[in-house]
Amino acid sequence: MATKVFMEALSPTMEEGRLVKWNKPEGAAVKSGDVLAEVETDKAVMELVARGDGVLRKQMIAEGVTAPVGSVVGVIAGADEDISALLSAAPAAPAAAAAPVAAPAASPAAPAAPAGPIASSAAPAASGPVRSSPLARRLAKESGVNLAAVAGSGPGGRVIKRDVEAAAAGGASAISRPLSAISGADFTDEPLTQIRKTIAKRLAESIGPIPTFYLTAEFDMTRAVEMRAQAAALGDDFKVSVNDIVLKAVATALAAHPEVNAHWLGDKIRYFNRVHLGMAVATNDGLIVPVIFDADRKGLRDISMESRDLAKKARERKLTPDQYTGSTFSVSNLGMMQIDQFTAIINPPECGILAIGALEDTPVVVDGAIAVRKRMRVTMSCDHRVIDGAVGARFLQTLRRMLENPLMLVF
Amino acid sequence: MPIITYREALNQALREEMSRDDRVYLMGEEVGVYNGAYKVSKGLLEEFGENRVVDSPIAELGFAGIGVGSAMAGLRPVIEFMTWNFALLAIDQVVNSAAKMLYMSGGQFNVPIVFRGPNGAALQLGAQHSQAFESWLAHIPGIKVLSPGTPYDAKGLLKSAIRDDNPVVVLEGEMLYNTKGEVPDHEYLIPLGKADRKREGGDCSIITSGKMALVAMQVADQLAKEDIHVDVIDLLTIRPMDVEAIYESVRKTNRAVVLEEGWEICGIGAQVVDFIQRECFDDLDAPVIRVHQADVPMPYAKNLEKIAKPDAAKTIAAVKQVMYRS
């Protein structure tokens, strides 16, 4: 009996996936559980496995093509089984996706192209009418939201009421205005990756409806830096980074301040007793936030090892969904890139994120005399729906005490 | 307010209407000496005598026909079928005589008759005795179809049915006769063709009637604990259907589940969905989902019977599905 191969939801938030590579050619025998293809989700590259035995009779989409969750991307059947009904029922596979199309002038090494202008094979992947509920269409019309610019959260990417409302609230209605023609040699087109789409959607959700304010403080990190050096002198087992010390201090301070360790859930606020600390990691594809679970209960060494491991996996796109979901509060550090101070965007439904700046030798007044100290600026973004100014400030006071007296982290 | 059973509520309705109007009489199998197969007519023979409480032979077509004829001649019969499964034998009198007479006589003969009895599945009575006939009957122009789920609704609707000048079918429930509910001391009538909102909520509409209204209320109470608030519309009258009540609810909630006791194909739910899609298309945020009996003759085996019937768990799953919460 034939088995349809569906684009499966391989992450909790995945709405569509890009088929990066078919691991099995058409005609290959497959068993249930075999890896058929690699799929780029909104967060990582995951494996799509066979759900039945037989022969992979048909690959219904080409490599590089994006397909909505729930769509049929292939057929597994007996070698001689008639699958014509299945093939005709499914929509024709869109043309091969646009790999980054370099302009001809920028790629002199390209093999001789067929005569004539290079036909753009970049038919928009999985194009067609936007799936939407009748109510969503009516609301979109009433509120002037461009439905095509709204990512649907319903089955198969259907745009439903809540999506339109979120778009309307976030002012995300895309006003489509065609760019004036520019010579193709001046730029390189990159199709949006899933991760970029997700970043856009999530951050637009954030900066729009979340009333954010910012608290900045400058901490004296001299003792923390000294402690790190003393520890490192004990041997490799004791080598940690300043960032690890910051993560440990934030986690410990959060445990003492559950009022900032919370999720805004629309109709309620969920305060967490456990601290799952998200750490923003820059990758070539964009930002991802792996999670150190129960960070407040872990020692510096564990935090150090875990953060290094997670950052490596993130850069290699090896994170599994459970490693980047569930954070209760996040930290973003651009200190290593000589940023003195910045504001980070809250990752909803979290209510706060801490932006860490660079460590700097700074002249400050200590006991009436000018001294050079290691100083570091942190800026906390707070969702005012949950965290009031004084509440955030108290958390930062605790964090200051811990980082300026790092011996406290031992207790 | 006194709490009485569904059976007692129907008994009160019959007694009150027979006392009020001496043209009203009750006829059917075992309604007299035996006090009714389900004791709905308890004490009526004693009170009103053999002319008005008539034990019939086991001949549904015959006594249904006598009922129609006597209604044409000026009486107001209440015909009790021991169950609607047996009424299949009398369906010609219901459909071809009672429902058609006013129309085909050019308005000369109206037929003020009530056909009533238990409908739908009870427990392990087998395929032939476990059928819900709402859609069969509601299909026919010329008869009104009522499906009360509570004692209050049963009494108020049966009284209105007896006073109606045209044929009315009342679908009761074997599993309902023992259920209890508040019924006021004073006299009241429930108008035909009006739905009743059994629970108020803004998240999802459940449109239902009869025995399933009880399931819907149970579902609403359970989902309220998860902060999902269901609007339960109990149709009470299946034909003519109170479409305005359906529209008002769906326009408020943007999503609907239609719950019925019978089969899926050409069921009452299919008609409700049709009304909704025509009049509330732009209000819908999800396809309307139906909950109904499995498309098989009702199994006798207890475990299979349970699986085949619509229930609270299936309805909750449907509500979550239309709310994109599953």
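Me: Which residues of H6(A) are buried?

Reply: In this predicted model, the buried residues of H6(A) are A:Val242, A:Asp244, A:Ile245, A:Val246, A:Leu247, A:Lys248, A:Ala249, A:Val250, A:Ala251, A:Thr252, A:Ala253 and A:Leu254. That's 12 of the helix's 15 residues, so H6(A) is largely enclosed by the rest of the structure. The helix covers residues 242-256 of chain A and reaches 21 Å from first C-alpha to last, close to the 21 Å expected at 1.5 Å a residue.

Me: Now a strand. Which residues are on the covered face of strand S5 of chain A, and which on the uncovered one?

Reply: Start with the general idea: side chains in a regular strand alternate between the two faces of the sheet. In S5(A), residues 45-49, the covered face has A:Met46 and A:Leu48, while A:Val45, A:Glu47 and A:Val49 are on the uncovered one.

Me: How many bridges join S4(A) to S5(A)?

Reply: Five, and the two strands run antiparallel. Together they form a hairpin, with four residues between them. To find one pairing by eye, look for A:Glu40, whose bridge partner in S5(A) is A:Val45.

Me: What about cores? Which residues have the most contacts inside the largest nonpolar core?

Reply: In soluble globular proteins, nonpolar side chains tend to be buried together. Here the largest nonpolar core has 108 residues, and B:Ala216, B:Val257 and B:Val319 have the most contacts inside it. Helix H8 of chain B (residues 211-224) gives the most to this core, nine residues. A second, separate core has 77 residues, including A:Val65 and A:Ile288.

Me: What does B:Ala216 touch?

Reply: Leaving out residues up to four places away in sequence, B:Ala216 touches B:Lys198, B:Ile206, B:Thr208, B:Val232, B:Leu259 and B:Thr315.

Me: Then the sheet in chain B: what is the order of its five strands?

Reply: The order is S9-S11-S10-S13-S14, an open sheet with mixed pairing. S9(B) and S14(B) stand at the edges, each with a single partner strand, so one side of each lacks a neighbour in the sheet. Neighbouring strands are turned by 25 degrees against each other on average, direction ignored. S9(B) pairs with S11(B) in the antiparallel sense over three bridges, and B:Arg199 stands opposite B:Val232 in S11(B). H8(B) packs on the sheet, touching S9, S10, S11 and S13 of chain B.

Me: And how many residues of chain A are in contact with chain B?

Reply: Eight, and they meet eight residues of chain B. Helix H2 of chain A (residues 134-143) supplies the largest share of chain A's side, four residues. By class, that side has four nonpolar, two polar and two charged residues.

Terms used. Residues numbered from 1 in each chain as written. Chains lettered and ligands numbered in written order. Predicted model: local features only at pLDDT ≥ 70, side-chain atom pairs only at ≥ 80, totals over all residues. Buried ≥ 20, exposed ≤ 12 C-beta atoms within 10 Å, placed from the backbone. Pairing = 2+ DSSP bridges. Expected span 1.5 Å × (residues − 1). Core = buried A, V, L, I, M, F, W, Y, C linked by C-beta atoms within 7 Å. Contact = placed C-beta atoms within 7 Å. Nonpolar A, V, L, I, M, F, W, Y, C, P; charged D, E, K, R; others polar. Axes fitted to C-alpha atoms, helices over the stretch in contact; angles between N-to-C directions.
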